[in-house]
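Subject: Structure handover

Hi,

Here is the structure for you to look over. My notes on it follow below.

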Amino acid sequence: MGHLRLTDVCVRFGGLQALANVSFELRPGEIMALIGPNGAGKTTLFNVITGVYRVSDGDVTYGDVSLIGLRPHRILSLGIARTFQNIRLFTAMTALENVMVAQHCRSRSGVFSAVLRPRSQREEERRIIDKAQAALDFVGMGDMTDVVARNLPYGLQRRLEIARALGSEPQTILLDEPAAGLNPSESRDLMELITRIADSGINVLMVEHDMKVVMGISHRVAVLDHGVLICQGRPDEVQCDPKVIEAYLGQ
């Protein structure tokens with residue numbers, strides 16, 4: 001399983017320092033939360049890990065592989081999947097089709113096989129459908145395969161996005177504010193789902209503002225403020241840290 005490690009990561013946009021010497025690691029089997037005020041650099045960090053942004057300095061490694069300079073689809077194929085702050089589903093496609101899209105990084109079929117449909121193509125298509133169905137079953141949406149994404153309630157659209165990330169067969173999943181907009185009951189269900197994801201052997205790194213979710217399921221918490229990692233540790237340690245209270249929890 002890949003071991004995600006950030007070492008002295010810096011990101012600059014012109015004169016703006018978005019991340020400054022950020023270092024941490026995501027340990028195998030761990031749920032780690034990344035918290036901090038708006039504009040702290042949390043989503044920027046996700047974009048660095050997944051190849052959307054390039055680092056100005058430092059390194060990001062996954063196992064023995066440096067992710068610096070790799071394209072997002074290559075990073076996905078290595079086993080790192082993500083969700084987004086703003087839901088990015090294919091709204092005119094069914095739930096099953098949305099999750100099937102995630103298998104593009106595992107597919108071997110080309111244009112000719114898609115047209116001629118040899119046995120290998122048909123077998124691969126069956127495997128993709130089965131994997132997508134399994135992901136929907138895992139998140140509790142196994143009976144919604146044919147529902148068009150735009151017709152799903154908001155909470156289930158959030159859950160479908162997680163299913164799509166799981167559909168790529170990741171070893172590590174990055175969840176960007178998965179509880180945003182959820183009601184208390186949906187948040188409790190989400191906590192149970194994230195715990196099951198980690199229990200299945202997938203490492204979880206999440207950006208989240210809901211402190212009940214963060215403190216309820218995280219093994220460790222890292223706190224960013226103005227692009228600087230000001231604290232990391234167990235939830236109870238972070239909750240009592242004076243720097244964290246001043247920068248974030250005391251707001």
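Please keep in mind that this is a predicted model. I have sorted the notes by topic.

**Strand 3**

Start with strand 3, which covers residues 31-35. Of its 5 residues, 5 are buried, so the strand is largely enclosed by the rest of the structure. Both of its faces are covered. Ile31, Ala33 and Ile35 lie on one side, and Met32 and Leu34 lie on the other.

What does strand 3 pair with? One partner is strand 8, residues 203-207. The two run parallel and are joined by 4 bridges. Here isoleucine 31 sits opposite valine 204 of strand 8. Strand 9 is also a partner, again in the parallel sense and over 4 bridges. In that pairing, alanine 33 faces valine 221 of strand 9.

Strand 9 spans residues 220-225, and strand 10 spans residues 228-233. Their pairing is antiparallel, with 5 bridges. Valine 223 has cysteine 231 in strand 10 as its bridge partner. The hairpin has 2 residues between the strands. One to look at is histidine 226, in the loop between strand 9 and strand 10.

**Positive phi**

Most residues other than glycine have a negative phi. Histidine 226 has a positive one, near 50°. Histidine 226 is also exposed, because its relative accessible area of 65% is over the 50% cut-off.

Aspartate 8 likewise has a positive phi, near 50°. Where is aspartate 8 placed? It belongs to strand 1, residues 4-13. Its relative accessible area is 40%, so aspartate 8 counts as partly exposed.

**Helices 6 and 7**

Helix 6 covers residues 154-166 and helix 7 covers residues 184-199. Their axes come within 11 Å and cross at roughly 10°. That angle is under 35 degrees, so helix 6 is roughly parallel to helix 7.

Which residues meet? From helix 6 they are Gly155, Arg159, Ile162 and Leu166. From helix 7 they are Glu186, Asp189, Leu190, Leu193 and Ile197. By class, this contact has 5 nonpolar, 1 polar and 3 charged residues.

**Cysteines**

How many disulfides does a search of the whole structure find? The count is 0. Cysteine 10 is in no disulfide. The cysteine sulfur nearest to that of cysteine 10 belongs to cysteine 231, 20 Å away. Cysteine 10 counts as buried because its relative accessibility is 5%, under the 20% cut-off.

For quick reference when you open the model:

- Cysteine 231 is the bridge partner of valine 223.
- Histidine 226 takes its positive phi in the hairpin of strand 9 and strand 10.
- Strand 9 pairs with strand 3 in the parallel sense and with strand 10 in the antiparallel sense.

Best wishes

Key. Residues numbered from 1 in each chain as written. Predicted model: local features only at pLDDT ≥ 70, side-chain atom pairs only at ≥ 80, totals over all residues. Heavy atoms only, no water. Pairing = 2+ DSSP bridges. Buried < 20%, exposed > 50% of the residue type's maximum accessible area, 1.4 Å probe, protein only. Axes fitted to C-alpha atoms, helices over the stretch in contact; angles between N-to-C directions. Parallel < 35°, antiparallel > 145°, perpendicular 65-115°, else oblique. Contact = heavy atoms within 4.5 Å. Nonpolar A, V, L, I, M, F, W, Y, C, P; charged D, E, K, R; others polar. Disulfide = S-S within 2.5 Å.
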